[in-house]
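I opened this notebook to record what I looked up in one structure. The entries follow in the order in which I made them.

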Protein chains: 2
Amino acid sequence: MISPEKHNRMANAIRFLAIDAVEKANSGHPGMPMGCADVATVLFSRYLTFDPKNPLWPDRDRFVLSAGHGSMLLYALLYLTGYEDMTIEDIKQFRQMGAKTAGHPEYGHASGIETTTGPLGQGIANAVGMAIAEKKLANEFGSDLMSHYTYTLVGDGCLMEGISQEAISLAGHLKLNKLIVLWDDNGISIDGAISLADSTDQHARFRASGWNTLSVDGHNPEAIAAAIETAQKSDKPTMIACKTVIGFGSPNKAGTHKVHGSPLGAEEIAATRKALGWEEEAFVVPADVLDAWRLAGLRSTKTHKDWEARLAATAADKKAEFTRRFAGDLPGNFSTAIDDYKKKLAETKPTVATRKASEDALEIINGVLTETIGGSADLTGSNNTKTSQTKSITPDDFSGRYIHYGIREHGMAAAMNGIALHGGLIPYSGGFLIFSDYCRPSIRLAALMGIRVIHVLTHDSIGLGEDGPTHQPVEHMAALRAIPNLMMFRPADATETAECWQIALEHKNRPSGIALTRQNLIAARTDYEEKNLCSFGAYELVSASDAQVSIFASGSEVEIALKAQQMLTQKGISARVVSVPCFELFFEQPEAYRGAIIGSAPVNIGVEAGIRQGWDSLIGSDGTFIGMKSFGASAPYKELYQHFGITPEAVVAAAEAKLA
Amino acid sequence: MISPEKHNRMANAIRFLAIDAVEKANSGHPGMPMGCADVATVLFSRYLTFDPKNPLWPDRDRFVLSAGHGSMLLYALLYLTGYEDMTIEDIKQFRQMGAKTAGHPEYGHASGIETTTGPLGQGIANAVGMAIAEKKLANEFGSDLMSHYTYTLVGDGCLMEGISQEAISLAGHLKLNKLIVLWDDNGISIDGAISLADSTDQHARFRASGWNTLSVDGHNPEAIAAAIETAQKSDKPTMIACKTVIGFGSPNKAGTHKVHGSPLGAEEIAATRKALGWEEEAFVVPADVLDAWRLAGLRSTKTHKDWEARLAATAADKKAEFTRRFAGDLPGNFSTAIDDYKKKLAETKPTVATRKASEDALEIINGVLTETIGGSADLTGSNNTKTSQTKSITPDDFSGRYIHYGIREHGMAAAMNGIALHGGLIPYSGGFLIFSDYCRPSIRLAALMGIRVIHVLTHDSIGLGEDGPTHQPVEHMAALRAIPNLMMFRPADATETAECWQIALEHKNRPSGIALTRQNLIAARTDYEEKNLCSFGAYELVSASDAQVSIFASGSEVEIALKAQQMLTQKGISARVVSVPCFELFFEQPEAYRGAIIGSAPVNIGVEAGIRQGWDSLIGSDGTFIGMKSFGASAPYKELYQHFGITPEAVVAAAEAKLA
């Protein structure tokens, strides 16, 4: 039992670490940690199951600070509860170059940071993904190995962002009863009172999507505790509205937007110390308080030990599988399976849409990998993401491996991030390439975090035809290639599609997008190659001695490049073709390889049914680009290719013009 | 009074035009028009105030087909009600090259298409913007000139997208009582039953945000009519759930996802004709039905005439202002005001953050233009978008000119589109550049439609400092430049900021983004220039005879370029500096101008605190780029510039290395 007095001192330790760190950095957000200190203290000192000495324990409770600007709340908790890689020195380095304690929590910077947050609404959707993962793995491995809660602390901003509705409605639908949202209900945003911009009854809103909701005074520890206990027993996800005062304790700034994003200032800090009866100097946590916190950090040691004992007692096969899955390693037979499939493709040489080729590859992949969990944003039949192994998950049956995410691209992408962060599963899912715009913030965060999520992005150009410019990606390959660390693939045929899938799966620390066609494509690769040629990013598909023309193309335009090459050959013009399935991987190759692939033909031509931006790096700024310069149009796709001049004839004409 | 029999035939005319057009195109979505034909018939034949002979009448009711895949519903209505530019031939050309009748409704293709829809959820948020515009203009010009309803027909998909929550909560907060949402409650999405992915009680959800909600049988005309009449009288926005059967009338496919996105097929069409008692051949509307529809199209002729009479009787000043505003023309004194301001800046040469310079420019602009309506996604003090003229709009007082959009970037951007489409107002608003990702789908649609919305995007690089990589745009300038028709500005100082604002406002048919710094910048432009130099996209800021080095830079990096140029000069290396505030405008200049600006120095260097992508078009693929290659980091901004090597010294070193 923690006495009220002790609770207050523990909470104040958080408050002053936040106050002092923000003041020292002269930058940051003290208001939220001060306001949420009581809620966080109750959660971390009584309920959260975690082991600071073993931060990656798979069955720990997950805590997501969705309101990421309150990062000092999390850093303070990690330090106080005894995470070894979060020292008081780290706290003092808040927001400084190279510090673990970045402005917003950055996944990978320190243990206990379960996800990168800051862009609002992402954390709550990550938490939904984590809760999905827990429920799925509990179903698969049993509650002996997997049975934990997922908590997320969200602010008003998180709840105003549209992504939160996608997350809330998905979680309610799937009855994620072990998901508990703590809403920092402080009534304040940057512009002032929330009432300036919103009048939503959040309780009614959550309940409309099948949630349980509770209300508490966010500064009453016993009320908070009771609410958490009630939430833990719920058969629905629960939202606990914690009425708090932003900047709690600051005599002159509490309850106002002034305390949200600026240091308190020396004078107000002194007044706050006085008001809260905190006599310590900056960054000093009294021994009794630190002891109390460190004890809280040891609360789950036995729970963790018991879990380890259960794991040790688990049948060898199952244990090995569980361990492998959480290590993120693929099974040994994976590459063989892909290889066998590639051999088959070299024989059958299918003419097929790459979205269908992706389905075929997934049929192999999902047969070998038990950890994939598929889905689509209500485009299952168009994205071809469902295979024979992936029964649908339903609210009452998580034995499946396929999620009907609904028409919620953003919530889907953020949930996938949560699933990947949770561990034990590899999420992939489907949408139209054009709608990558709807989930771009989550894709970016996956790239920033370096996590393995795979986005199947079909209908990847004007090749989708009649749906027209609202559905035709033109700038999307360029826009996605612009995101650092993201691998954007655009395979040219079934073999390249299989190879791109293999690369995406084999990279533990990078997200991928795979752009796929609606329309059929011929087999560009006709011979079996042991090497994964796509792993080089670009490679020579057709070579030529003393080439006068190099044609570079990706995806569906490789077929056009191949035809153009044949036409040029007939005209006595020596030309080579380079397939470019992945820009990022190509530019990571050694210079010698890149030079050889770019080659030295006097004429370089790039072909892609998208904009030129980015292609200069391959074809040179004096190269010719055959692609799009505008939005698309609504018409049958073959007419569109003619209309926009993306044809073998156009490539040939460009080559001849340059050579003339 | 329209008899049940006549109503049915009128609705069936819509159904069969949709069925026949989709069948002929062998592509499209018949299910929604068939399901919503009754709702649309009631609305268009009894309530919608519009004049097909004067489609741009400012006080017409607005109708937004948010479920844009049901485009044939709209095209059929436009043809049937007598819009002259929508003929039966146009209907027959559905989804063909160059047709007005594109796969999804495209703004500008034909009269009566109030906005481009297709990407789900956009239309409902556009409608919110239109309703805001109506309420604002009614306040300003009086209900004699402005008093109309905004209707939008939305599907389940629209309501699952997160943007809809932002739109719904904003509309409820602002009490947009003349906004009426007709929800096509058919329980079906592409994957199958909605219950696969969602369990939300939409009534409860809307009511949680302050809406009135009603339920009707969507195939009972009198019930629909009664609901619309109730909604019209509400003091809140109203959502009418219209329970419909997707593909109504198709004996074997109605009520299933099979009728959503594919032609019915000849056999099922014959069966549907039989079931609905429709004997006509394809594309034939019987004369009595067409007459009834054309009469419906004439319903508001007198209302419109009366309105014209009221406009004619309006005081000359007010009338001129109203007319000018709806023509989208700026007042004659606008350019003089900007010019005077530029003269002042040439004297004061302020060192100022461009976000602050933007506020100063807006203070001038908002004083001259009565039509601007500002706002921010809860970053008013950071975006500097509020000026002395822009009092906040509140739910009960629309006399202001500033909208607290809340933390709803996506809803904000789509509402801005709606405001611009409505006419009479020029919307601008603010967010962080990084969060352009959150509203990218709406920015893209603004570019596709060619409408004047202006996004103030502050904190435009690592220059924002401590908030770290989640808040530091690195790839965003490239990603936004990739969108066709969007003008992305990145001004270097106060003068350029004023010029960029002028360009953005003077382009009626293009959206703009203005990327602005958090940190102070020196005045790059020190002399008054009558010409708007930014309108050339790029221009020589410092010239040099026989330049050995050309340095190209945008925004905050122009200061770095200028310092580097001075350092090079001291070393005896002749260098020039080109400021590049807008790529798009530069590449629209005549070749001679472009050639002169790019110049012929042996060394080209680009400097921008973002990624290289796109810069090769200026500096050549053999040029040197000083910028970002990765995500940013959390630290004070000056340290970040050092850390990432974006400094005058780095430019000088690069120049020397190339010249060596």
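I began with strand pairing: strand β11 (residues 426-432) of chain B and β12(B) pair in the parallel sense over five bridges. Strands and helices here are DSSP runs numbered from the N terminus, with at least two residues (E) for a strand and at least four (H or I) for a helix; two strands pair if DSSP finds at least two bridges between them.

I noted that this is a predicted model, in which local features need pLDDT of at least 70 and side-chain atom pairs count only at pLDDT 80 or more, while totals for chains, interfaces and linings use all residues. Residues are numbered from 1 along each chain as its sequence is written, chains are lettered from A and ligands numbered from 1 in the order in which they are written, and side-chain values use heavy atoms, without hydrogens and water.

I found B:Phe432 opposite B:Thr458 in β12(B). On its other pairing, β12(B) runs parallel to strand β14 (residues 512-515) of chain B over four bridges, and B:Leu457 stands opposite B:Ala515.

I then checked burial (buried: under 20% relative accessible area, 1.4 Å probe, protein chains only). Five of the five residues of β12(B) (residues 454-458) are buried. B:Ile454, B:Val456 and B:Thr458 lie on one side, B:His455 and B:Leu457 on the other.

Methods
Buried < 20%, exposed > 50% of the residue type's maximum accessible area, 1.4 Å probe, protein only.
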